[in-house]
Amino acid sequence: MAKQHVTATINGEAAEFLCETQQTMLDVLRDVVGLTGAKEGCASGDCGACSILVDGTLVCSCLMLGVEAEGTSITTIEGIAQGDHLHPIQQKFLEHAALQCGFCTPGLIVATKALLDENPNPTETEARYWLAGNLCRCTGYDKVIRAVMDAAAVMRGETV
Amino acid sequence: MPKVVLSSGSASLGLTGGVTEFEVEATSFRRLILELEKRFPGLGNQVEESMAVAIDGEIYQDAYAAELRPGSEIVLIPKIGGG
Amino acid sequence: MTSLSYAAPTSVDAAVKLLAGASGLAKVLSGGTDLLIQMRAGRYKPELIVDTKKIPGVIGIREENGGFVVGAGTPGAVVEAHAGMTKAWPGVVEALDLIGSTQVQGRCSLAGNLCNASPAADSVPAMYAAGATAVVVGSNGTREVPVEQIPTGPGRTSLAKDEFILEFKFPPRPANSSDAYLRFIPRTEMDIAVVGCGISVTLDANGVCTAARCSLGAVAPTVLLVQEMADVLVGHTLDADTLAKLDAAAQAAAKPISDKRGTAEYRKKIAGVLARRVAAIAFDRAMGKTAGKAH
Amino acid sequence: MNYINSDLKVVGTRPIRPDGVEKVTGRALYSADTRVAGMLWGKILRSPHAHARIVSIDTSKAEALKGVHAVVTSKDFPAIKSEEAFVGEGPMNFRDLSDNIMARNKALYEGHAVAAVAATTPAIADEAMALIDVTYEVLPHVIDVDDAMKADAPVLHADMFTAGVNPKPATASNIAKVVTFKKGDIDAGFADAEVIFEGSYTTKPVHQGYIEPHACLATYNPDGQISIHASSQGHFMIRAYTAKLLGLDMADIRVNPAEIGGGFGGKTLIYLEPVAVALSRKSGKSVKMQMTREEVFRGSGPTSGASVSVKLGAKKDGTIVAAQQVLKFQAGAYAGSPIGPGCMCGFALYDIPNIDVLGYDVVSNRPKVAAYRAPGAPISSFAVECAVDDLARKLGMDPLTLREKNAAVNGTKTHYGPTHTNIGYTQVLEAAKAHPHWKAPVAEGHGRGLAAGFWFNIGGESSATVHINEDGTVMVATGSPDIGGSRASMGMMAAEVLGIPVAKVKAIVADTASIGFTFLTGGSRVTFATGMAVTQATEKVVDQLKARAAQTWDIPVDAVEWKDGKAFPAGTNAGAFEPLDLAAIALKQGRTGGPINAEVSVNAQGAGAGFGAHICDVKVDKETGHVEIVRYTAIQDVGKAIHPSYVEGQIQGGAAQGIGWALSEEYIYNDKGQMENPGFLDYRCPVASDLPMIEAVLVEVPNPRHPFGARGVGEVPIIPPMAAISNAIKSAVGVRMEHLPMSPPKVRAALDAAG
């Protein structure tokens with residue numbers, strides 16, 4: 001079986017790759033493209049560690065085939081910061097110590113970006129439900145939610 | 001002489017033939033282990049491998065040099081790990 | 001190695017030909033949130049995957065003679081963002097919204113949820129209650145089927161090898177009509193329904209029920225459309241007596257098994273509890289009393 | 001030197017961790033993130049049976065498959081002689097450890113490894129596993145602890161004769177060990193009691209649930225030298241056990257610590273590394289292995305499930321005069337549950353004259369347990385703290401008052417031997433009583449529960465080096481994997497001693513060839529023990545800095561004082577010279593005697609015990625049995641918070657894991673002894689929407705044995721939640737939930753039974 005040829009945009013750069021049909025987008029990112037920021041925690045869509053944006057929509061890359069990326073624009077954790085300038089969400093995760101082991105952090109940050117792109121002023125409850133698909137076993141979510149709410153305020157220009 | 005108490009690990013009682021308290025001529029933890037092994041073959045190694053001691057109330061996990069005073073009470077307890 | 005091929009046809013005909021022509025197992029891919037997991041688990045070993053998302057009509061929502069037509073592969077998130085659907089069918093929308101995580105919402109579809117044929121699927125009881133129909137396309141042309149005729153058992157559907165669902169039709173809503181869906185899960189999110197319940201009602205000006213469709217999920221091999229529950233509601237306001245009868249009817253209709261997600265005894269009780277709670281929300285919505293999510 | 005009463009400039013602040021940016025940008029490399037050219041993918045074939053004799057394994061078809069480079073079975077691992085040892089964080093036999101990573105004669109649990117393959121792609125490896133022909137003779141199995149102790153239970157190990165009973169039993173059983181602890185005269189104690197309460201409790205095994213599955217990359221070179229890249233709670237542990245199980249020299253193994261994606265005790269053991277090395281040796285290629293989530297659940301260690309009974313006797317005034325506890329712990333397929341600490345921790349919070357504790361270590365057909373946060377203590381305290389709560393009801397006393405009245409204090413002799421010293425339990429209870437949460441009225445229909453917990457905390461062996469760079473910036477290296485921000489706290493302690501900004505110090509985790517032996521990151525020991533090593537190494541560096549300044553000024557070294565990152569002439573020379581800062585001395589270090597650095601290795605003793613008390617408010621849906629946590633406060637004596645944010649994080653995370661243990665997490669087995677919920681869908685860890693904010697209250701009673709007064713903090717917070725929630729449910733709806741998890745069906749059933 002010949003491999004599939006896929007053309008897409010990854011983190012703003014034109015990208016081409018070959019993959020087998022059964023390879024998920026997560027497999028492709030990690031093993032073909034070489035972007036290992038998206039993590040495999042479950043490979044069943046239950047932990048969110050592999051979260052990416054596909055044409056701006058938040059998805060688990062483990063529940064998407066690599067071939068489905070044809071013609072799409074993909075954003076991974078590696079594409080969140082602007083050059084050497086951290087995104088406010090990343091900055092607030094650091095300031096609030098919203099990570100301990102850091103393994104779920106890429107997924108949480110990508111999911112938070114999707115949340116704040118859609119809803120710049122979420123309530124704590126809205127943030128908690130939006131992020132329910134991102135398991136974190138270290139933090140108990142407290143500092144994560146604080147970082148998300150604080151980042152939202154900064155992005156609304158209310159605080160720095 | 002320091003007094004050894006097996007309040008714990010009746011796992012050790014098998015080796016002491018049921019004796020729960022006895023005195024040992026020792027001035028250091030290391031000497032104690034050697035004496036225990038001499039007195040009750042197997043017990044010294046057991047303490048060495050998988051037990052800690054409380055010397056006059058303080059837990060020592062594995063400190064040969066820990067000093068024993070004549071009146072010291074040494075309690076053998078399971079070694080403590082954690083998560 | 002077993003080879004797996006992939007096609008993303010851009011027309012119904014091309015898709016049907018591919019399905020009909022497949023020598024081995026062919027699976028239709030819409031959101032993939034179930035299919036990919038089942039393939040990884042080795043439950044399915046397809047030789048062909050037909051991605052229908054590039055077929056016109058498979059993704060999108062349109063109004064058609066007073067009702068709504070929802071493309072079979074339209075992601076949950078898109079349906080939830082549609083003001084018209086949310087107003088006319090809040091129960092269907094909230095049911096779809098309960099499937100998996102935000103991440104899954106970006107991909108999961110009504111067709112996938114229905115054709116996966118799990119008795120615990122969240123959007124299915126709501127679609128049963130709504131009286132939605134599925135537009136099925138295949139070699140022999142197009143047929144329109146009530147959604148409750150699609151699943152035939154766990155993981156089994158009435159669709160032929162060369163058929164797939166193109167879109168769903170939701171009928172026009174009379175005045176004083178609405179619906180609601182609730183499911184019970186151990187956590188607040190991310191679980192499979194222990195019990196699900198969907199109710200759609202039409203009331204008269206005095207709040208007396210003139211028409212109702214009720215369904216239960218996860219209490220039988222397939223989602224149940226429960227006429228006995230509807231009979232309890234029609235001709236009545238939602239008074240204490242009616243609620244008690246509805247609870248009893250739901251418990252009587254439920255034929256659950258005990259499994260890792262709940263005991264049979266517990267599921268029966270919860271079926272009754274949810275029926276009462278869902279009916280209350282549906283009635284309030286029908287009278288224009290409440291808006292917003294039921295969960 | 002001791003800094004407990006010094007005016008601290010860095011310790012106690014909240015700087016951004018040095019490894020933070022790599023972790024928020026996706027650059028940090030975890031176990032599965034490293035690839036090398038030409039590497040193979042290794043996968044493990046696991047037993048589908050809970051208990052079976054392995055009659056034969058035919059690997060020929062798999063070996064013949066194109067793309068397969070190696071297949072290994074237990075034949076490829078040397079037989080290890082039975083040898084009791086303290087493995088990972090608990091007692092285990094090296095022979096068992098070897099059998100656990102690759103079943104030798106019997107598969108003892110579903111998921112037990114029986115063979116492994118290495119192939120050019122994961123898909124080929126999967127195909128190869130399907131071609132391995134294993135003939136099993138299926139044997140009767142036993143899962144639960146009470147069943148495993150029955151006389152007619154299937155026996156897992158023909159050579160297991162219960163240790164700790166005298167004389168040695170005549171027949172083999174599943175009871176590996178009996179442990180007892182006694183204090184005073186239990187019968188006299190109960191005879192003296194005016195009020196007696198008895199209760200029985202059960203807990204389910206729960207998994208640590210780290211989000212990063214076990215993974216490693218191993219390369220065996222033709223000269224026998226091996227490199228392993230893996231995450232763990234101790235790369236020296238990986239080196240030691242890989243060497244032990246394969247009969248190799250440690251000097252031939254170099255383990256590079258990858259970033260670790262959570263451990264909680266579960267990564268204090270090895271599963272993959274020796275297998276990967278064996279596959280690499282056989283194939284001559286690098287081998288990468290990575291567990292699936294299902295393998296993590298079926299094949300790696302949860303903590304014990306248990307059956308526990310408690311009996312308390314008290315005077316009418318609330319004085320507890322007698323306490324008895326029987327604990328039966330599942331060890332999994334091999335001996336070695338945390339029964340010891342389980343027996344020690346429950347009553348360690350109380351000053352009770354007569355105590356009797358009996359513990360059983362019991363094997364059954366489940367994965368071998370591994371350490372999980374305060375191993376044994378949460379199970380023991382769930383039972384004791386529920387019983388104390390019900391005793392308080394029986395006595396008509398406030399549960400906090402009853403705990404205060406009987407609280408362990410400095411000088412209390414525990415039932416297991418040691419005497420409590422420098423503990424802060426009283427202060428913790430005072431803080432709980434004074435907290436707004438405890439004082440706030442309980443909302444209508446809600447319930448409030450209180451429970452406490454104790455953990456020893458440990459010290460042990462750690463190594464650290466401190467280097468002064470040529471520009472005066474500083475490198476700190478330790479052997480402790482950073483599982484939750486320890487690079488930050490290590491750098492902070494060094495910066496504090498040097499009197500410089502923490503930004504000038506960078507802390508790293510050094511590999512096994514680059515630093516002295518360092519014990520596991522576990523037992524809440526890193527900030528205490530490794531922090532002690534870092535502090536002492538930094539002090540040695542300060543001595544050198546003073547000497548270099550003295551040399552520069554040509555004055556005696558004792559006439560030099562180090563302050564705020566500078567050397568000052570002191571005594572008669574005070575003011576005689578301009579102070580020399582670190583950069584100035586560093587610039588001249590070549591001339592003044594060469595590079596300035598120090599390495600210190602310690603075996604730290606005197607770890608301060610930790611106590612915590614949690615307050616929890618719940619709302620119970622009486623129709624569904626669903627329990628909602630509406631408010632949660634965790635109070636804990638942390639000694640001294642080096643980096644308060646990460647201390648709070650430990651407490652919040654531990655509490656969240658305890659809440660999952662209490663309400664939703666459990667292993668569910670079918671009648672074949674197979675786990676039915678080996679994934680995050682049905683193994684229900686708390687998600688963000690399940691929890692409220694968790695307020696962490698830091699009580700600081702300094703531990704005089706640590707230079708900054710630090711105590712371990714990571715384990716205590718998982719101990720109180722289960723009882724706190726059960727107690728809250730009882731006060732909300734009047735039913736006592738004795739069995740975990742307190743899931744909706746159980747709560748609804750309890751409510752129905754109560755009528």
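Q: What share of the contacts in chain B with a separation of 6 or more comes from residues 24 or more positions apart?
A: In this predicted model, residues 24 or more positions apart account for 53% of the contacts in chain B with a separation of 6 or more.

Q: What makes up the secondary structure of chain B, and which pattern does the chain follow along the sequence?
A: Chain B comes to 3 helices and 5 strands. Read along the sequence, these follow the pattern β-α-β-α-α-β-β-β.

Q: How many of the residues of chain B count as buried, as a percentage?
A: Of the 83 residues of chain B, 46% count as buried.

Q: Which residue follows helix 1 of chain A, and what is its phi?
A: The helix is followed by A:Gly34, which has a positive phi, near 90°.

Q: How many residues of chain A and chain D does their contact take?
A: The contact takes 43 residues from chain A and 42 residues from chain D. On the side of chain A, the elements giving two or more residues are helix 2 (88-95), helix 3 (105-118), helix 4 (124-130) and helix 5 (142-155). Helix 2 of chain A gives the most, with 4 residues.

Q: What is the division of the side of chain A that touches chain D into nonpolar, polar and charged residues?
A: This side of chain A divides into 23 nonpolar, 11 polar and 9 charged residues. Gly belongs to the polar class under the scheme used.

Q: How many residues of chain D are in contact with chain C, and which elements of chain D give two or more of them?
A: 18 residues of chain D are in contact with 16 residues of chain C. Helix 4 (122-131) and helix 20 (744-754) of chain D are the elements that give two or more residues to this side. The largest share, 3 residues, comes from helix 20 of chain D. By class, the side of chain D that touches chain C divides into 6 nonpolar, 5 polar and 7 charged residues.

Terms used. Residues numbered from 1 in each chain as written. Chains lettered and ligands numbered in written order. Predicted model: local features only at pLDDT ≥ 70, side-chain atom pairs only at ≥ 80, totals over all residues. Buried ≥ 20, exposed ≤ 12 C-beta atoms within 10 Å, placed from the backbone. Contact = placed C-beta atoms within 7 Å.
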